[in-house]
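Work through the exercises below with the sequence and the model at hand. Each task is followed by a solution in steps.

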Amino acid sequence: MTDDAWSKQPFKAVYTAFFALKIIVLTPLLTLRYSWRSARPDPQWSLKTSVMGGITREVFHYWAQTRDASLYTELLTPGSVKPAPVGGLWFPGPPTQQTDLKHEKVVLHFPGGAFVLAWGTASTGKDVASVMAQHFKATRTFYAQYRPSIDESTRFPAALQDLVTFYHYVLSLGIDPQNIILSGDSAAGNLVIALIRYLEDMRRAPGKPPLPLPGGAMLWSPWVEVSTEAGQDYISSRNSEKDFLDPSLLQWGADAYLPEEFGLSKAVPFTSPLHHPFRTSVPLFINAGRNEAFFDSVENFAKEMELDSNRVRFHASDLAPHNLLQAHKGLGLEHQMEVAIKDAYDFLN
């Protein structure tokens, strides 16, 4: 059977049924296995964190296996695949004509998804907005879903174009740029870095009116090293056996997102910012979990940016795997999330 057979019917239906049965059987088995602390990925993890981490890894693997691989390896006929809708959600609601914009503090958040999965839903947005309102004291959160990379027309720089559009939209409402805080998790953390680099480049480009810089940025487990060997890079990383990401998902994301002739492209600093530091006046709060496979690369990126005389705060979250912002609730890591976001508030305010 070919690698992409599971993405076609009737095989996909069979695989989906098998996956559902697997999760039903796997949940009590993982619960039993991880009842002993010595058997957990990290002995300090709770039973909930260990079991949910194992199930999350299986879900990511399912998504990677059931994708239509032909979308990313063959030249498509124009219009054969429609791009996903681009939009965003305001929490608790958008500003109105009666809103005092001078006192608005807006978090513009972009969800991750390995560049290929869309997480711009009301439920995930509500959880992020709740954290931002409660602990970061944000007046509003705009949860913005850029185009995932689904075909040749949505490779880099499509998502970055969307981030520029979203940022311009929030500015157009009349909100003070210094009261706008960019935020992105995982692959979207990568995109926020690219957006800030682009805004800085605009300011240095002759004859182009630059967009004003935001007041700061929060990067949650940013994917800062995206290569054509993304899956193997993950497997070779420290903590990969503890973390819940799936290497086939990351490989899919890199294959779908990176531009053709990646190694020769001027896009490399934008798509893989590790070892490509740049000067910016935007303060950067960078978070990584001590148990995530990306930890070393994120920490190294933070150190590189500090050496360029930038304002950077690196916050390492104990016991946390990848993407504390999105995963803390399901993994029982609410305390780690509260500590991290309060540190971000203290730094950016």
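Two strands pair if DSSP finds at least two bridges between them. The model used in these exercises is predicted.

**Exercise 1. Pairing at one end of the sheet**

Task: determine in which sense strand S6 and S7 pair, and over how many bridges.

**Exercise 2. Two helices at the end of the chain**

Task: describe how H10 and H11 pack, and classify their relative direction.

Solution. Two packed helices are described by the angle between their axes and the distance between the axes. For H10 (residues 324–331) and H11 (residues 334–348), the angle is about 150° and the axes are 8 Å apart. Angles over 145 degrees count as roughly antiparallel, so H10 and H11 are roughly antiparallel to each other. On the H10 side the contact involves Leu 324, Leu 325, His 328 and Lys 329; on the H11 side, Glu 334, Gln 336, Met 337 and Ala 340. These residues divide into four nonpolar, two polar and two charged.

**Exercise 3. A loop residue and its surroundings**

Task: decide whether Ala 293 is buried or exposed, and list its contacts beyond the sequence neighbours.

Solution. Ala 293 sits in the loop between S6 and helix H9 (295–307). Its relative accessibility is 6%, and the limit for buried is under 20%, so Ala 293 counts as buried. Leaving aside neighbours within four places in sequence, Ala 293 is in contact with Tyr 234, Ser 237, Arg 238, Asn 239, Ser 240 and Asp 243. Ser 240 is 53 residues away from Ala 293 in sequence, yet their C-alpha atoms are 4.7 Å apart. For the chain as a whole, 54% of the 349 residues count as buried.

**Exercise 4. Backbone exceptions**

Task: which peptide bonds are cis, and which residues other than glycine have a positive phi?

Solution. Most residues other than glycine have a negative phi, and most peptide bonds are trans. Start with the peptide bonds. A cis bond joins Phe 91 and Pro 92, with omega about 0°; Pro 92 belongs to the loop between S1 and S2. Another cis bond runs from Phe 156 to Pro 157, with omega near 10°, and Pro 157 is in the loop between S3 and H4.

Then turn to phi. Ser 186 has a positive phi near 60° and is placed in the loop between S4 and helix H5 (187–204). With a relative accessible area of 9%, Ser 186 is buried. Asn 323 has a positive phi near 60°; it lies in the loop between S7 and H10. Its relative accessible area is 8%, so Asn 323 is buried.

Conventions
Residues numbered from 1 in each chain as written. Predicted model: local features only at pLDDT ≥ 70, side-chain atom pairs only at ≥ 80, totals over all residues. Heavy atoms only, no water. Buried < 20%, exposed > 50% of the residue type's maximum accessible area, 1.4 Å probe, protein only. Axes fitted to C-alpha atoms, helices over the stretch in contact; angles between N-to-C directions. Helix = DSSP H or I, 4+ residues; strand = E, 2+ residues; numbered from the N terminus. Parallel < 35°, antiparallel > 145°, perpendicular 65-115°, else oblique. Contact = heavy atoms within 4.5 Å. Nonpolar A, V, L, I, M, F, W, Y, C, P; charged D, E, K, R; others polar.
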